[in-house]
Amino acid sequence: MTSLFDPIKIGDIELANRIVMAPLTRNRSPGAVPNTLNVTYYEQRASAGLLITEATAITHQGQGYADVPGLYTQEALDGWKQVTNAVHKAGGKIVVQMWHVGRISHTSLQPNGGKPVSASAIQAKSKTYLINADGTGTFAETSEPRALELSEIPGIIEDYRKAARAAIDAGFDGVEIHAANGYLIDQFLRSGSNVRTDEYGGPIENRARFLFQVVDAITREIGEGRTGIRISPVTPANDSSDPDAQALFTYVVEGLAKYKLSYIHIIEGATGGPRDFQQGDTPFDYKALRQAYEKAGGKAAWMTNNGYDRDLAIETVRDGKTDLVAFGKPFISNPDLVERLKDNAPLNTPDQATFYGGGAKGYTDYPALEQQVA
Ligand SMILES: C=C(C(=O)O)c1ccccc1
């Protein structure tokens with residue numbers, strides 16, 4: 001019987017256990033450059049089977065929030081090299097989540113103060129995180145985007161390829177393509193944000209075209225076994241919507257089955273919200289989604305996320321319903337989450353007030369178990 005604490009090989013990447021740190025935006029990399037505080041944060045959590053970094057912008061245009069890291073300057077790549085070295089020295093494995101926010105951005109964060117880009121010029125009813133002149137953080141309405149010209153799309157696909165190469169050169173064990181939570185790739189996938197009338201809009205196969213061109217470019221550059229992808233079939237995050245999620249994401253996973261990917265990462269329900277959230281009239285069938293993937297020949301590891309506690313994680317892996325479980329908030333406040341889950345030890349509660357922005361408080365100052373045992 002498979003245990004959450006068993007090792008697993010996901011594509012080309014060997015993991016010591018099946019407990020994954022989910023990508024967590026923390027807004028603590030001013031200038032989009034990873035710093036020594038970030039090194040400490042990831043190093044503290046290196047006992048995870050796999051660390052997935054916070055979402056990391058592939059270009060300046062792909063940046064949507066203040067103080068999130070990037071993969072597009074040498075300084076940032078040098079910073080990431082420090083992170084990967086420290087995690088590997090501590091015996092961990094780490095992949096970077098590659099992010100283009102699309103319309104979930106603000107003109108003040110965009111090159112030359114321009115409009116953010118998206119599949120279509122539809123403003124999201126959503127907010128992004130900015131830094132005020134006095135250094136305090138604030139959430140602001142996302143700006144109205146412009147629709148990408150057909151001629152611009154190959155350039156963005158090239159940006160993904162270059163960032164993937166840079167990630168491997170910076171020491172990452174692989175990459176996770178961020179295709180979830182209403183960011184650029186998801187803006188092409190969902191009909192609520194894509195009203196294009198060219199080959200990237202309309203029927204599902206057109207709306208999924210951009211995703212597969214990105215997957216193709218990245219896997220050709222760094223290999224299928226070092227490439228994972230995150231999708232969120234029914235999340236309403238960032239004003240995402242599509243009335244037929246089952247058909248859309250069945251098509252997506254059947255297409256992904258053609259690649260020998262490292263893993264498929266599924267957010268079940270509303271990101272950070274109810275696991276049973278649904279879009280449209282019927283609940284989403286996650287079991288059918290995995291069956292469709294495997295029927296199409298897919299062999300990548302299946303990773304699931306959103307609201308798992310210790311019991312649910314243990315039984316879901318034991319029953320073969322997933323191969324790995326990604327934990328978000330529990331990893332914020334428990335750097336040694338793996339040990340605590342193994343020992344069924346009490347967990348520290350995360351402080352929501354320090355999730356975004358700031359320094360060591362609520363970031364690297366959570367105690368490990370041995371620091372707490374009196
Ligand atoms: C990258 C994010 C995501 O995938 O939802 C994110 C961004 C800002 C705050 C929380 C999460």
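Where does Asn 112 lie? Asn 112 is in the loop between strand 5 and strand 6 (117-118), with helices and strands taken as DSSP runs numbered from the N terminus (helices H or I, at least four residues; strands E, at least two). The model is predicted, so local features need pLDDT of at least 70 and side-chain atom pairs count only at pLDDT 80 or more, while totals for chains, interfaces and linings use all residues. Residues are numbered from 1 along each chain as its sequence is written, and side-chain values use heavy atoms, with hydrogens and water left out.

**Two asparagines with positive phi**

Although Asn 112 is not a glycine, its phi is positive, at about 55°. Asn 112 is exposed, with a relative accessible area of 82%; buried means under 20% relative accessible area, exposed over 50%, and partly exposed in between (1.4 Å probe, protein chains only). Asn 306 is also not a glycine and has a positive phi of about 115°. Asn 306 lies in the loop between strand 13 (301-305) and helix 9 (310-318), and counts as buried at 5% relative accessibility.

**Helix packing**

Axes here are lines fitted to C-alpha atoms, for helices over the stretch in contact, and angles run from 0 to 180 degrees between N-to-C directions. Two helix pairs are listed below.

| Helix pair | Angle | Axis separation |
|---|---|---|
| Helix 1 (residues 36-44) and helix 2 (residues 74-89) | about 25° | 9 Å |
| Helix 3 (residues 153-169) and helix 6 (residues 209-222) | about 35° | 9 Å |

The angle makes helix 1 roughly parallel to helix 2, a term for angles under 35 degrees, with over 145 roughly antiparallel, 65 to 115 roughly perpendicular and the rest oblique. Helix 1 passes helix 2 in a right-handed crossing; a crossing is right-handed if the near helix is turned clockwise from the far one by less than a right angle, and left-handed if anticlockwise. Asn 38, Val 39, Tyr 42 and Glu 43 of helix 1 meet Trp 80, Gln 82, Val 83, Ala 86 and Val 87 of helix 2, where contact means heavy atoms within 4.5 Å. By class, this contact has six nonpolar, two polar and one charged residues. Ala, Val, Leu, Ile, Met, Phe, Trp, Tyr, Cys and Pro count as nonpolar, Asp, Glu, Lys and Arg as charged, and the others, Gly among them, as polar.

Helix 3 passes helix 6 in a right-handed crossing. Among the contact residues are Ile 153, Ile 156 and Tyr 160 of helix 3 and Phe 210, Gln 213 and Val 214 of helix 6. The contact of helix 3 with helix 6 divides into 11 nonpolar, one polar and three charged residues.

Ile 153 counts as buried at 0% relative accessibility. Leaving out residues up to four places away in sequence, Ile 153 touches Leu 148, Phe 188, Arg 196, Tyr 200, Phe 210 and Gln 213.

**Aromatic pairs**

Rings of Phe, Tyr and Trp (its six-membered ring) pair if their centres lie within 6.5 Å; planes under 30 degrees apart count as stacked, over 60 as edge-to-face and the rest as tilted. The count comes to 16 aromatic pairs. The rings of Tyr 65 and Trp 99 have centres 5.3 Å apart and planes at 20°, so this pair is stacked. Tyr 65 is in the loop between strand 4 (50-57) and helix 2, and Trp 99 is in strand 5 (residues 94-99), 34 residues apart. Trp 99 is buried, with a relative accessible area of 1%. The rings of Tyr 293 and Trp 302, with centres 5.6 Å apart and planes at 40°, form a tilted pair.
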